[in-house]
Structure formats: structure tokens, C-alpha cells
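My entries follow in the order I made them.

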Amino acid sequence: MFAAENGLRGDPRLQGISKAIRVVPDFPIPGIMFQDITTLLLDHKAFKDTVDIFVDRYRDMGISVVAGVEARGFIFGPSIALAIGAKFVPLRKPNKLPGEVISEAYELEYGVDRLEMHVGAVKPGDRALVIDDLVATGGTLSAAVRLLERMGAEVVECACVIGLPEVRGQRRLNGKPLYILVEPRLSENYS
């Protein structure tokens, strides 16, 4: 569900977050309107508001693990984890973590990729939040959910800063609630 549908309708922070995201046309390929969050990170207020909205939502949900999807989930996840008293667990692309890992494959438009996590990073009974910057089809987030559940965690919710229009009305992903702050902008102009 989008934040505006869940008590934040009219909240000026959402408009500020949306305006702080730069849209780059035809990147990485023609026809794609890339949602560049680096400009959000340059805007102290918008970046803080993004983290604050997530912290306000998850503070009292008993979350013990915030799992960030590589790479942009690493930007928001640690701040959220620190603020709510949870540990941060990175979910990495293949061959990036030393030591023993478990992995979960997921399908891309033209192939397959995997997420990996350290064995023992999550314990049975941990309550997990999965965080990423954007959800398009949900394949990566679904793989993250499966990976965490294989280790015995209870995934409470998946959260993203941006949700593509294809996920509008989709309140669940892989059976888990989905929380999104803003829809993508289609214009190149940003504040």
C-alpha cells in the first residue's frame, strides 16, 4: 500500500520526497525513466523525512531485523535499524559476502540472479523488515522474503521508497504486506 493511502495523505513530506528524486530518461536503456535517489540523498530534509516515515511506521512493531537489499537498501536500512533497535542484515548479490552463505534465486526479464545472506545472520523467530529503494515486479523482494523465511524469520513487511504503477493496489507481496512511500515521477524536473 502507498503511504498516502495509510494515514499520510496530504503529508507534505511525501511531496518533498517525490520532488527530491531525479528522473533520468532513457537510462540505462531507451524507454526507461530511471528513478535516481542520489538526489534524494543530497537533500537533507527529504532524506531525513524518508527515514523518519519508515521509523515511525516500524518503531512499535517488534522488528528485530532490517534486511536491506543490495545496494540501495543499504542506504536506508541501517538508519532505520539503528532507530528502532534492530540489527541490519545485508542481502547481497552473489560472491560478495565472505564465509558461509545461503542464496535464493529470482528471475529477471532476461535471466536469473541471486541474493545471498550470511548463515546465522537471522535466527528463527526474528521479526524482519525488508527494505529497498524501488519495487517494480517484486521479484527481488520476493527472493528476499524466501531467503529470510528459510532461516526461520517472520517477515513482517516489505518497504520501498518508490513503487511503480504496476504495484498500485498491490497490498501484499509474496503474502507479505508491502509499504511504499511514493509513486515514480515521469518528469525530468526535480527540486
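**Asp26.** I looked up how open Asp26 is: this residue is partly exposed, with a relative accessible area of 48%. The structure is a predicted model, so I kept in mind that local features are reported only at pLDDT of at least 70. Asp26 sits in the loop between β1 and β2. I noted a positive phi of about 60° there, although Asp26 is not a glycine.

**Phe27 to Pro28.** I went on to the peptide bond that joins Phe27 and Pro28 and found it cis, with omega about 0°. Pro28 belongs to the loop between β1 (22-25) and β2 (33-36).

**Asn95.** Is Asn95 buried or exposed? I found it exposed, with a relative accessible area of 69%; exposed here requires over 50%. Asn95 lies in the loop between β4 (87-91) and β5 (101-108).

**Glu70 to Ala71.** I also looked at the peptide bond from Glu70 to Ala71, which is cis with omega near -5°. Ala71 is in the loop that runs between β3 (65-69) and α4 (73-84).

**Helices α1 and α3.** I then turned to a helix pair. Two packed helices are described by the angle and the distance between their axes. For α1 (residues 12-20) and α3 (residues 44-58), I read that the axes come within 9 Å and cross at roughly 130°. That angle makes α1 oblique to α3. The crossing of α1 past α3 is left-handed.

Which residues of α1 meet α3? I listed Arg13, Leu14, Gly16, Ile17 and Ala20 on the α1 side. Their partners in α3 are Ala46, Asp49, Thr50, Asp52, Ile53 and Asp56. I sorted the residues of this contact into 5 nonpolar, 2 polar and 4 charged.

**Helix α5.** My last check was on the length of α5 (residues 139-150). At 1.5 Å a residue, its 12 residues should span 16 Å, and the end C-alpha atoms are 17 Å apart, which agrees. I wrote down the buried residues of α5 as Leu141, Ser142, Ala143, Ala144, Val145, Leu147 and Leu148; buried means under 20% relative accessible area. After α5 comes Gly152, and I noted that its phi is positive, near 95°.

Definitions and conventions: Residues numbered from 1 in each chain as written. Predicted model: local features only at pLDDT ≥ 70, side-chain atom pairs only at ≥ 80, totals over all residues. Heavy atoms only, no water. Axes fitted to C-alpha atoms, helices over the stretch in contact; angles between N-to-C directions. Helix = DSSP H or I, 4+ residues; strand = E, 2+ residues; numbered from the N terminus. Parallel < 35°, antiparallel > 145°, perpendicular 65-115°, else oblique. Left-handed = near helix turned anticlockwise from the far one by under 90°. Contact = heavy atoms within 4.5 Å. Nonpolar A, V, L, I, M, F, W, Y, C, P; charged D, E, K, R; others polar. Expected span 1.5 Å × (residues − 1). Buried < 20%, exposed > 50% of the residue type's maximum accessible area, 1.4 Å probe, protein only.
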